Amino acid sequence: MKQKCAICALLFFVISISCKKEDSKTESKNQIGTERKFDNKKTDFENEPQNVALAFYNWYLKDIYLKKFVESPDVVLSKDSIYVLDVSEHKKFLKTSGYFSSKFYENEKLSFKDCEDKLRTVSWKQVEESGAVNPAEYVEGNECAFTHYMIWTNGQGETLNKAEIEKYSVKANTAVVVLKVSDSLEGGFYSRPHVSMVKENGKWKISKIEVTFE
């Protein structure tokens with residue numbers, strides 16, 4: 001009788017251990033499934049237009065602003081002694097950054113052409129004699145105004161290192177995101193970029209940036 005009880009107890013112990021292992025496997029599978037589902041949600045969240053615009057500005061303020069001049073073309077003197085806009089570095093940045101739509105440069109082309117038309121009237125001798133850093137200083141009107149400041153912040157050397165989402169609207173495959181740019185140390189609002197976006201191949205891209213101080 002005692003032997004039978006011992007055998008029964010041993011069988012009960014083995015069955016209990018087996019059940020616990022199965023429960024542990026099931027729980028582990030559930031955890032993995034939950035983690036994968038969370039990762040998918042995170043990916044979708046990061047690809048929302050307001051978060052793409054914010055990610056661009058966080059990167060731009062940290063690594064580009066006041067470090068590289070890529071926001072607009074540079075003014076150079078051609079072999080014919082005529083001032084023109086060199087868009088090579090600007091276009092390269094737009095293409096390699098991964099944030100910009102092909103429509104972005106198309107939206108800029110008209111303003112660039114208007115500036116170049118005015119630059120043709122600027123005398124290189126006058127610029128050389130005056131020692132001016134930017135030949136566009138001799139352009140009357142606002143056609144070349146974008147060469148005088150950092151057009152994605154309207155900054156002219158100020159310390160700007162913080163961006164935050166103020167508001168946004170989404171309609172089908174287009175969106176407008178309004179951000180606030182400031183100096184995290186000094187505090188206070190500096191400028192407000194209005195970032196127009198379009199959805200291309202499932203990803204949100206910047207198609208236009210307009211900055212105001214209001």
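**Notebook: rings, helices, a disulfide and backbone angles**

The model I am reading is a predicted one.

**Entry: aromatic pairs.** I searched the whole structure for aromatic pairs, and the search returned 19. One that I opened joins phenylalanine 100 and phenylalanine 104: the ring centres are 4.7 Å apart and the planes stand at 65°, so I logged the pair as edge-to-face. The cut-off I needed for that label is an angle over 60 degrees.

**Entry: helix H2.** I took the span of H2 next. The helix has 16 residues and runs 21 Å from its first C-alpha to its last, close to the 22 Å expected at 1.5 Å a residue. I listed its buried residues as Pro49, Gln50, Asn51, Val52, Ala53, Leu54, Phe56, Tyr57, Tyr60, Leu61 and Ile64. Just after H2, I noted a positive phi of about 65° at leucine 66.

**Entry: helix H3.** Which residues of H3 are buried? I found His90, Phe93, Leu94 and Ser97 in this helix of residues 88-97. They cover an arc of only 95° around the axis, so they lie on the same side of H3. On the face turned away from that buried side I found the exposed residues Lys92, Lys95 and Thr96. I also asked what covers the buried residues, and the cover includes helix H2 (49-64) and helix H4 (102-119). After H3 comes glycine 98, with a positive phi near 85°.

**Entry: charges over rings.** I recorded two cases here. The charged end of lysine 91 sits over the ring of tyrosine 105, 4.8 Å from the ring centre. Arginine 192 places its charged end over the ring of phenylalanine 189, at 4.5 Å from the centre.

**Entry: disulfide.** How many disulfides does a search of the whole structure find? I got one. The link is between cysteine 115 and cysteine 144, with sulfur atoms 2.0 Å apart. It connects distant parts of the chain: cysteine 115 is in helix H4, while cysteine 144 is in the loop between helix H5 (124-130) and strand S3 (162-171), 29 residues apart. I read 110° about the S-S bond, and the link of cysteine 115 and cysteine 144 is right-handed. Are the two cysteines buried or exposed? I noted cysteine 115 and cysteine 144 both as buried.

**Entry: positive phi in loops.** Most residues other than glycine have a negative phi, so I wrote down the exceptions I came across. Serine 81 is not a glycine, yet has a positive phi of about 60°. I placed serine 81 in the loop between strand S1 (74-77) and strand S2 (83-86). Its relative accessibility is 32%, so serine 81 counts as partly exposed. Asparagine 201, again not a glycine, has a positive phi of about 50°. I placed asparagine 201 in the loop between strand S5 (189-200) and strand S6 (203-212). At 82% relative accessibility, asparagine 201 counts as exposed.

Definitions and conventions
Residues numbered from 1 in each chain as written. Predicted model: local features only at pLDDT ≥ 70, side-chain atom pairs only at ≥ 80, totals over all residues. Heavy atoms only, no water. Helix = DSSP H or I, 4+ residues; strand = E, 2+ residues; numbered from the N terminus. Buried < 20%, exposed > 50% of the residue type's maximum accessible area, 1.4 Å probe, protein only. Arc of directions from axis to C-beta. Contact = heavy atoms within 4.5 Å. Expected span 1.5 Å × (residues − 1). Phe/Tyr/Trp six-rings, centres within 6.5 Å; stacked < 30°, edge-to-face > 60°. Lys NZ or Arg CZ within 6 Å of the ring centre and 35° of its normal. Disulfide = S-S within 2.5 Å.
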